[in-house]
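This report describes a predicted model. It takes up helices, salt bridges and surface in turn.

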Amino acid sequence: MDAAFESPFRAWVESRRGVVLRILLRARERGEIRPGVDLDLAVDQIFGVFWYRLLVGRLPLDPETAAGHMDQLLCGLTT
């Protein structure tokens with residue numbers, strides 16, 4: 001990876017991961033996610049879907065498709 005690109009890119013990714021992690025923490029506090037769920041792994045799963053679609057380009061990543069991915073993923077996290 002290009003050194004000039006890597007550091008700012010990783011900082012941006014970590015900032016976005018932090019946002020998603022905070023959302024999941026609040027959901028767990030409300031009892032919407034089981035206490036034992038590995039939230040760091042859940043963040044990886046969430047981002048994995050989007051990076052795959054963006055990088056591989058198999059199908060478009062439109063709002064409806066993104067919502068479907070999230071609904072399906074979160075069904076496995078809910079109580």
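## Helix α1

Helix α1 spans residues 3–29, and its 27 residues reach 39 Å from the first C-alpha to the last, close to the 39 Å expected at 1.5 Å a residue. At its start, a side-chain oxygen of aspartate 2 comes to within 2.7 Å of the backbone nitrogen of alanine 4. After α1 comes glycine 31, with a positive phi near 80°.

The buried residues of α1 are Val13, Arg17, Gly18, Val20, Leu24 and Ala27. Their cover includes α2.

## Salt bridges

The model has 5 salt bridges. Arginine 10 pairs with glutamate 6, the closest N and O atoms being 2.9 Å apart. Both residues lie in α1, 4 residues apart, about one turn of the helix. An α-helix has 3.6 residues a turn, so residues three or four places apart point the same way. Glutamate 6 is partly exposed, at 26% relative accessible area.

Arginine 17 forms a salt bridge with aspartate 40, with 2.5 Å between the closest N and O atoms. This pair links distant parts of the chain, arginine 17 in α1 and aspartate 40 in α2, 23 residues apart. Arginine 17 counts as buried because its relative accessible area, 13%, is under 20%. Aspartate 40 is partly exposed, at 44%. Glu14, Arg17, Asp40 and Asp44 are linked in a salt-bridge network.

Glutamate 32 and arginine 30 also meet in a salt bridge (2.9 Å, N to O). Glutamate 32 is partly exposed at 38% relative accessibility, whereas arginine 30 is exposed at 53%.

## Nonpolar surface

Tyr52, Leu54, Leu55 and Val56 make a nonpolar surface patch of about 450 Å². Leucine 54 lies in helix α2 (residues 39–56) and is exposed, with a relative accessible area of 57%.

Key: Residues numbered from 1 in each chain as written. Predicted model: local features only at pLDDT ≥ 70, side-chain atom pairs only at ≥ 80, totals over all residues. Heavy atoms only, no water. Patch = residues over 30% accessible without salt bridge, like charges linked within 9 Å, V, L, I, M, F, W, Y side chains within 5 Å. Areas by Shrake-Rupley, 256 points an atom, 1.4 Å probe, with all protein chains shown as cover. Salt bridge = Lys/Arg side-chain N within 4 Å of Asp/Glu carboxyl O. Helix = DSSP H or I, 4+ residues; strand = E, 2+ residues; numbered from the N terminus. Buried < 20%, exposed > 50% of the residue type's maximum accessible area, 1.4 Å probe, protein only. Expected span 1.5 Å × (residues − 1). Contact = heavy atoms within 4.5 Å. Polar contact = N/O pair within 3.5 Å; in protein donor to acceptor, adjacent residues only side chain to side chain.
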